[in-house]
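Have the sequence and the coordinates open as you read.

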Amino acid sequence: MSSEDKKAKTKKTFKRRESTEEKKPFADAVAERLIAQLEAGTAPWIVPWKPGDPSQAGGLLPYNPTTNKRYKGINSLALMSAGFTDNRWMTFKQALAMGACVRKGSKGTQIQFWSTSKTAVKKGEDGEPVKGPDGKSVKETYKLSRPLATTATVFNAAQIDGLPEVVIKPQPEAGWAQIDRAEAILKASGAQIFHDQVDQAFYMTVADKIHMPPKAQFPEQSGYYATVFHELGHWSGHPSRLKREMSGRFGTESYAKEELRAEIASMIIGEELGLGHDPGDHAAYVASWIQTLRDDPLEIFRAAADAEKILTFILDFELKLDKEPGALEDEDELEDALSM
């Protein structure tokens with residue numbers, strides 16, 4: 001049997017196995033997995049990590065090596081919670097295109113993306129395909145009346161044979177480059193930040209001010225910046241900015257939902273800026289998050305989407321800075337596209 005025949009047979013095996021499995025709705029499956037991890041204290045956004053941590057040397061956020069773009073929103077959380085340390089993910093076809101092959105018996109992980117348009121063969125009034133000058137059918141793209149959800153299956157690099165090995169270099173502690181970038185973003189945001197607290201950090205919506213302990217109170221610089229960007233995440237929800245529900249008091253469901261958004265955003269920002277992630281005192285919210293996801297699995301979709309909006313809103317301040325020699329800017333990191 002040729003190598004091509006083997007690949008075709010393997011592909012049929014995966015399709016047959018997946019079609020016989022009992023599939024849960026995507027939202028329910030992701031929420032169920034995250035609830036279990038919240039109960040175990042291992043949900044992605046409540047696990048702290050420091051810059052330079054060897055376990056994160058390959059990067060924290062899942063990405064597709066065939067597009068070099070990271071997965072976003074709920075897909076990022078779905079893949080991070082799948083139990084793999086390698087952060088490379090791709091489809092079966094993408095693996096084949098790279099000259100690799102998904103290992104037989106491997107179980108794929110579901111992701112979901114939304115389409116607002118569709119491309120199809122153009123048909124004439126007689127219902128027959130319209131032909132172009134070259135004799136081929138003409139295709140046209142039209143906008144859908146409402147977004148269409150599509151589920152895809154991806155596999156982790158640890159499940160794929162034949163991929164080139166990735167040379168992982170130990171990452172240094174957050175240095176001047178990361179700190180300078182963080183300070184530039186904070187300054188460009190125009191947020192009012194007061195260092196007048198002893199052992200707590202918070203954002204006051206009515207006054208529109210962030211209150212922090214002095215930098216000297218933090219054992220490490222990275223801890224300070226992880227905390228201040230968490231609060232800046234809350235700040236982004238003000239009615240004059242992203243207009244999120246911010247009226248909830250501590251202990252209420254709406255307060256816990258906003259905290260969920262800030263925690264997820266803080267995790268992503270920590271990765272993007274190389275600052276690490278400090279979830280702080282999340283214990284007070286875990287029970288509320290578990291109950292919220294049990295009552296409404298789609299809430300994790302909304303929270304993840306809002307976290308991406310927070311990230312984009314905050315990093316967009318970099319684009320407003322004057323471009324100077326050596327400025328740390330990478331507009332590609334801000335591109336909002338699904339890594340498929």
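Where is H230 found? I looked it up and landed in helix α6, residues 221-235. Helices here are DSSP runs of H or I with at least four residues, strands are runs of E with at least two, and both are numbered from the N terminus.

**Ground rules.** I am working on a predicted model, where local features need pLDDT of at least 70 and side-chain atom pairs count only at pLDDT 80 or more, while totals for chains, interfaces and linings use all residues. Residues are numbered from 1 along each chain as its sequence is written, and side-chain values use heavy atoms, with hydrogens and water left out.

**Whole chain.** I noted nine helices and 10 strands in the protein chain. Of its 340 residues, 42% count as buried; buried means under 20% relative accessible area, exposed over 50%, and partly exposed in between, with a 1.4 Å probe and protein chains only. The chain exposes about 18,800 Å², and carbon and sulfur atoms supply 52% of that. These areas come from the Shrake-Rupley method with a 1.4 Å probe; for residues, only the protein chains shown count as cover. I then turned to contacts, meaning heavy atoms within 4.5 Å. Among those between residues at least 6 apart in sequence, 71% join residues at least 24 apart.

**H230.** Is H230 buried or exposed? H230 counts as buried because its relative accessible area is 9%. I found a polar contact between its side chain and that of E259, at 2.9 Å. Such a contact is a pair of N or O atoms within 3.5 Å; within protein, one must be able to donate a hydrogen and the other to accept it, and residues adjacent in sequence count only if both atoms are side-chain atoms. Leaving out residues up to four places away in sequence, H230 touches E259, A262, E263 and S266.

**α5 against α6.** I took helix α5 (residues 176-189) next: α5 and α6 pack at about 25 degrees, with their axes 11 Å apart. That angle makes α5 roughly parallel to α6. The contact involves, among others, I185, L186 and S189 of α5 and F229, L232 and W235 of α6. Axes are lines fitted to C-alpha atoms, for helices over the stretch in contact, and angles run from 0 to 180 degrees between N-to-C directions. Angles under 35 degrees count as roughly parallel, over 145 as roughly antiparallel, 65 to 115 as roughly perpendicular and the rest as oblique.

**S189.** I stayed with S189, which sits in α5. S189 is buried, at 10% relative accessibility. A polar atom of its side chain lies 3.1 Å from the backbone nitrogen of A191. Beyond residues up to four places away in sequence, S189 touches L232, W235 and F317.

**α7 against α9.** At what angle do the axes of α7 and α9 cross? I have roughly 50 degrees for α7 (residues 253-273) and α9 (residues 299-319), whose axes come within 8 Å. The two helices are therefore oblique to each other. Their contact includes L260, I264 and I268 of α7 and A303, A307 and I310 of α9.

**T42.** My last stop was T42, in the loop between α2 (26-40) and β1 (63-64). T42 is partly exposed, with a relative accessible area of 43%. T42 touches Q37 and V47, not counting residues up to four places away in sequence.
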